[in-house]
Amino acid sequence: MTIKKIFIAASLALSVAAAAYAEEAKAPAAGAAPAMSAPAAQGAPAATAAAPAPNAAASVATPAPATPAPVKKELKTNKTITIGMFMVIIAITMGVVVWAAKQTKSAADFYAAGGGITGTQNGWAIAGDYMSAASFLGISGLISLYGYDGFMYSVGWLVAYITVLLIVAEPCRNAGKYTLGDILSFRTSPKPVRAFAALSTVAVSTFYLTAQMVGAGKLMALLVGIPYKMSIIGVGVLMVGYVVFGGMVATTWVQIIKAGLLMSGAFLLSFLVMIKAGFNPIGFFTTIVSSPDIQDHVSKLVLKDGVILSGMDAGQRFLEPGLYLKNPLDQISLGMALVLGTAGMPHILMRFFTVPTAQAARKSVIIAMFIIGGFYILTTLLGFGAAIHLTPQGITAIDPGGNMATLMLAQQMGADIAPIIGDLFLAFLCAVAFATILAVVSGLVLAASAAIAHDIYVNVIKDGHADQHEQVFAARATSFVVGACGIMIGLAAEKQNVAHLVALAFAVAASGNLPVVILSLFWRKFNTAGVISGLLVGTIASIGLVMVSPNMTYPKVVAAGAKKVVVAMEKKQAALPAGQTLSEKDAKALAKAKVDAQQDGTSIVGLDKPIFTLKNPGIISIPLGFMAAILGALAFPNRRSEEMFDEVYVRQNTGLGMAKAVEH
Amino acid sequence: MAEKQYDWKAIAKNPKFVELHHKKTAFLFGWWIFSCVYYFLLPIGAAYTPGIFKVKIIGVVNFGYIFALSQFFVSWGIALYYSHVANKDFDRLTRELIDELHL
């Protein structure tokens, strides 16, 4: 107990130190302790005014001598308030960890909170586990820049829960214990099945975790100016602290707190947006269509496709599909990965082992669906609200991907009441983003650790012969190692393109995990060979297809594109009257294109150009996963697996014999 | 607690269980397929029949927007309907089965 407290204190101290260090780097004059409050003014000069002025973007592209990147317009946060709010969140969650650590005595406590989470609590925790910073900031950004397509993109993330509700939640509660391996190994040879299930869980969690960690590092750097590496270490230390000491109880409560904060933030901000629109939804949409800035933005977007639109027609186009999602097959492929992958995500499946009954599992999914769906509907208001009040031009001036739209909107909506409220509101939403990152990464670390400690160590290496003390120790040690690996991957992947990793995680879950879960629960003839071939083929197919897809970097393709830019720019230069040079922006583009045009070589798997043209592999890899699972089972029939189907089927439908699953 | 030994095969043949199993399977897979079809109409429709999506319904609000918004309400509707049927029918059948088996 004492050692635990020392560790908790140490991780708290470390994270405070991380924040303090970051401040010192930014404002060396301030001492360590006052750095918490003093340096707001020192940090400010680099940031230009946050209120967007559309035409300012081009003129500030001069490289500053001290910094490697050009000084861009950025979002100015009040660091004192923001870091103060981060500290409050760290303090509250650390309190939760200390409380949770006292309750975590057995393996069931560590992995499944002893089955003592209620349906309502679990519903909030599922929502907290699921909605990442990408949903919070990314989707509203997409809506603010591309209108309808951003909204359409968000739909699949909710519909995915129908599969969770109808097919997996209750059977998994009734048939499983802590992990995916528990469900799959019921009537198969436990050792190989658990080993493969654990590998697939670790693969999915690693992809997702890497994307989250890199996103976290970049976001923290952008929001409060903490350097990337320090952000990763700070987030990593907190995440390891939550999981190692508090296990599932702490992770659950961190997720519940985060979901509550996220919903309050989204609700409050949408409320302010609706006040401005006079609570008239039709008027709100009319404002979008008639906004000259949005009209101008859309005209430029469609001009790239050779379409000329202007005025109200261009405004109306903002509410129609096709500005962002241009490849329908890719869309359908992503939709399949979402609808089937969510139900195969190990960290989501794991949440159903924390509730006592199938009824509670059912209730938790329904509550989660209302929270998640409600959130995405509010996101529409935020995205369109940002487009109206900040203009797409203002949003892209801060971040070309639109990820800052919600935060900018919060600052402006608050500042319209009083400047300090703008700062407070922005700081609050930054804190929500911070809590969001912590909640999602903790859930992933817990899922990966459970697979390694419970499936591989306890059941494969120790044949299930490990007492409670040893199991809990193994779980904690594994979480520590998994968390440390997560930090290292995050540090190593700073310069990597990780955007496709979230889609890849869903594709692997949909093609590898979900087919074997469904077939295990519902098909009599399913067996060991089916599980292994399904997991292997589904996982390898998704990863393989992504490796040869346009997600990878193809130097020759980049060079070909750059050559075109060089030709166009040189033409432009030649057309200029004598003595004049290209504008600074064009000159920079030309210099960059000239460098890029020299690129040669192949992608990491040795290709000149992508073989598979879609970014999302689901449409091919999901059917492959199902086919491999079915063919594998048919090729190597197993009588024992067939005979045990009655038991699995009765158990998953009725919950009979479940007490064993909880107590064991 | 020493675990009770159940005769799984016998339970699986129990008429109550067979009834539960049939009702549940039809309901779950039926509504699951419905929700998938309804969802995929959105990306497919947006890509191949953009004309319909552009039809204005109320003011500037078009069919595409209403259809996307309806996805949320349809999902919630299915969830609530399932919860209603499960709480009323499936749970009752399960309880009756367990009572009948004197477990």
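Predicted model: local features only at pLDDT ≥ 70, side-chain atom pairs only at ≥ 80, totals over all residues.
Q: Is H19(A) mostly covered or mostly uncovered, and how many of its residues are buried?
A: A residue counts as buried if 20 or more other C-beta atoms lie within 10 Å of its own. In H19(A), the residues that pass include A:Ala405, A:Leu407, A:Gln411 and A:Gly414. The helix is mostly covered, with 10 of its 13 residues buried.

Q: Which helices are included in what covers the buried residues of H19(A)?
A: The buried residues of H19(A) include A:Met408, A:Leu409 and A:Met413. The cover over the buried residues comes from elements of chain A, including H7 (133-146), H11, H17, H18 (392-398) and H20 (419-461).

Q: Which helix gives the most to the side of chain A that touches chain B?
A: Across the two chains, 44 residues of chain A are in contact with 49 residues of chain B. On the chain A side, H8 (148-175), H12 (281-290), H15 (328-341), H17 (358-390), H28 (645-654) and H29 (658-663) each supply at least two residues. By class, that side has 26 nonpolar, 12 polar and 6 charged residues. The helix giving the most, with 12 residues, is H8(A).

Q: Is A:Asp149 buried or exposed?
A: A:Asp149 belongs to helix H8 of chain A. Leaving aside residues up to four places away in sequence, A:Asp149 touches A:Leu142, A:Pro321, A:Gly322, A:Leu323, A:Tyr324 and A:Leu325. The cut-off for burial is 20 or more other C-beta atoms within 10 Å. A:Asp149 has 20 of them, so A:Asp149 is buried.

Q: Is A:Ala113 buried or exposed?
A: You will find A:Ala113 in the loop between H5 (107-112) and H6 (119-130) of chain A. Its phi is positive, about 50°, although A:Ala113 is not a glycine. With 27 other C-beta atoms within 10 Å, A:Ala113 is buried.

Q: Is A:Phe279 buried or exposed?
A: A:Phe279 sits in the loop between H11 (228-276) and H12 of chain A. A:Phe279 is not a glycine, yet has a positive phi of about 55°. A:Phe279 has 10, so A:Phe279 counts as exposed.

Terms used. Residues numbered from 1 in each chain as written. Chains lettered and ligands numbered in written order. Contact = placed C-beta atoms within 7 Å. Helix = DSSP H or I, 4+ residues; strand = E, 2+ residues; numbered from the N terminus. Nonpolar A, V, L, I, M, F, W, Y, C, P; charged D, E, K, R; others polar. Buried ≥ 20, exposed ≤ 12 C-beta atoms within 10 Å, placed from the backbone.
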